Amino acid sequence: MVADSIYELVGEAGFDRLTKAFYDRVPDDEILGPMYPDGQFELARTRLRDFLVGRFGGPQRYVEQRGHPKLRMRHMTFPIDERARNRWVELMTQALHEVEFPPAVVDSMLRYFADSATFMINRARP
């Protein structure tokens, strides 16, 4: 049987592991960590997990709870320059390798993450 979606291949638990592996790296990161006021890492992790689940073929909890993702608008308050974009992709790449998804899944997700992170840039280089 061929899976119709990444969600079918890695399941809910896979996205939970991925976002945990990513957010385990964020609090101590000198670039990304300070972007989270009041240490709201678990709330951010849950939102990212729900978004990714829906984006990659699973239940649409994110949209049901928060509406259209409007990713660029929702991230406008965060100072995302090329350096922050690169660090986000770096940490997510590490997380993807840690959770050991199938290579085709990793490749597809990395392309999506790289493109999306570039789209989020909202500050010029200093």
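Trainee: Where do I start, and what does the secondary structure of the chain come to?

Mentor: Start with the elements, and keep in mind that the model is predicted. The secondary structure here comes to six helices and zero strands. Along the sequence the pattern reads α-α-α-α-α-α.

Trainee: How do I read the length of a helix, and what span does α5 reach from its first C-alpha to its last?

Mentor: Compare the span with what is expected at 1.5 Å a residue. Helix α5 has 18 residues and reaches 26 Å, close to the 26 Å expected. Helix α2, residues 41-55, has 15 residues and reaches 21 Å, close to the 21 Å expected for that helix.

Trainee: What is found at the start of α5, and what follows that helix?

Mentor: At the start of α5, a side-chain oxygen of aspartate 81 comes within 3.2 Å of the backbone nitrogen of arginine 83. After α5 comes glutamate 100, with a positive phi near 55°. Helix α2 is followed by glycine 57, whose phi is also positive, near 105°.

Trainee: Next is burial. Which residues of α5 are buried?

Mentor: The general idea first: an α-helix has 3.6 residues a turn, so residues three or four places apart point the same way. In α5 the buried residues are Ala84, Arg85, Arg87, Val89, Leu91, Met92, Ala95, Leu96 and Val99. The cover over them includes α1, α2 and α6.

Trainee: Glutamine 94 is in helix α5 too. Why does glutamine 94 count as partly exposed?

Mentor: Glutamine 94 counts as partly exposed because its relative accessibility is 34%. For comparison with the cut-off, buried means under 20%. Glutamine 94 also shows how sequence and space can be read side by side: glutamine 94 and arginine 25 are 69 residues apart in sequence, with 9.1 Å between their C-alpha atoms.

Trainee: Which residues of α2 are buried?

Mentor: The buried residues of α2 include Phe41, Ala44, Leu48, Phe51 and Leu52. Phenylalanine 51 counts as buried because its relative accessibility is 13%. The C-alpha atoms of phenylalanine 51 and arginine 61 are separated by 7.5 Å, while the two residues are ten apart along the chain. For the whole chain of 126 residues, buried residues make up 43%.

Trainee: How do I read a nonpolar core, and which members touch the most other members?

Mentor: The largest nonpolar core has 35 residues, and Phe15, Leu18, Phe22, Phe101 and Met109 touch the most other members. The elements that give two or more residues to this core are α1 (6-23), α2, α5 (82-99) and α6 (103-120). Helix α1 gives the most, with eight residues.

Trainee: What is phenylalanine 22 in contact with, beyond its neighbours within four places in sequence?

Mentor: Phenylalanine 22 is in contact with Leu32, Leu48, Trp88, Leu91, Met92 and Ala95. With 0% relative accessibility, phenylalanine 22 is therefore counted as buried.

Trainee: Threonine 19 is in helix α1. What does the side chain of threonine 19 reach?

Mentor: The side chain of threonine 19 reaches the backbone oxygen of phenylalanine 15 at 3.0 Å. Threonine 19 is buried, with a relative accessible area of 0%. Apart from neighbours within four places in sequence, threonine 19 is in contact with Arg45, Leu48, Arg49 and Leu52.

Trainee: How do I read aromatic pairs, and how many does the whole structure have?

Mentor: A pair of aromatic rings is described by the distance of the centres and the angle of the planes. The whole structure has ten aromatic pairs. Phenylalanine 22 and tryptophan 88 form a tilted pair, 5.2 Å centre to centre with 55° between the planes. That pair links phenylalanine 22 in helix α1 to tryptophan 88 in helix α5, 66 residues apart. Tyrosine 23 and tyrosine 36 form an edge-to-face pair, 5.7 Å centre to centre with 85° between the planes. Tyrosine 36 is in the loop between α1 and α2.

Trainee: Which residues do ring pairs link into a cluster?

Mentor: Among them are Tyr7, Phe15, Phe22, Tyr23, Tyr36 and Trp88. Phe56 is also in the cluster, and arginine 55 lies over the face of that ring, at 5.1 Å from its centre.

Notes. Residues numbered from 1 in each chain as written. Predicted model: local features only at pLDDT ≥ 70, side-chain atom pairs only at ≥ 80, totals over all residues. Heavy atoms only, no water. Helix = DSSP H or I, 4+ residues; strand = E, 2+ residues; numbered from the N terminus. Expected span 1.5 Å × (residues − 1). Buried < 20%, exposed > 50% of the residue type's maximum accessible area, 1.4 Å probe, protein only. Core = buried A, V, L, I, M, F, W, Y, C linked by side-chain atoms within 4.5 Å. Contact = heavy atoms within 4.5 Å. Polar contact = N/O pair within 3.5 Å; in protein donor to acceptor, adjacent residues only side chain to side chain. Phe/Tyr/Trp six-rings, centres within 6.5 Å; stacked < 30°, edge-to-face > 60°. Lys NZ or Arg CZ within 6 Å of the ring centre and 35° of its normal.
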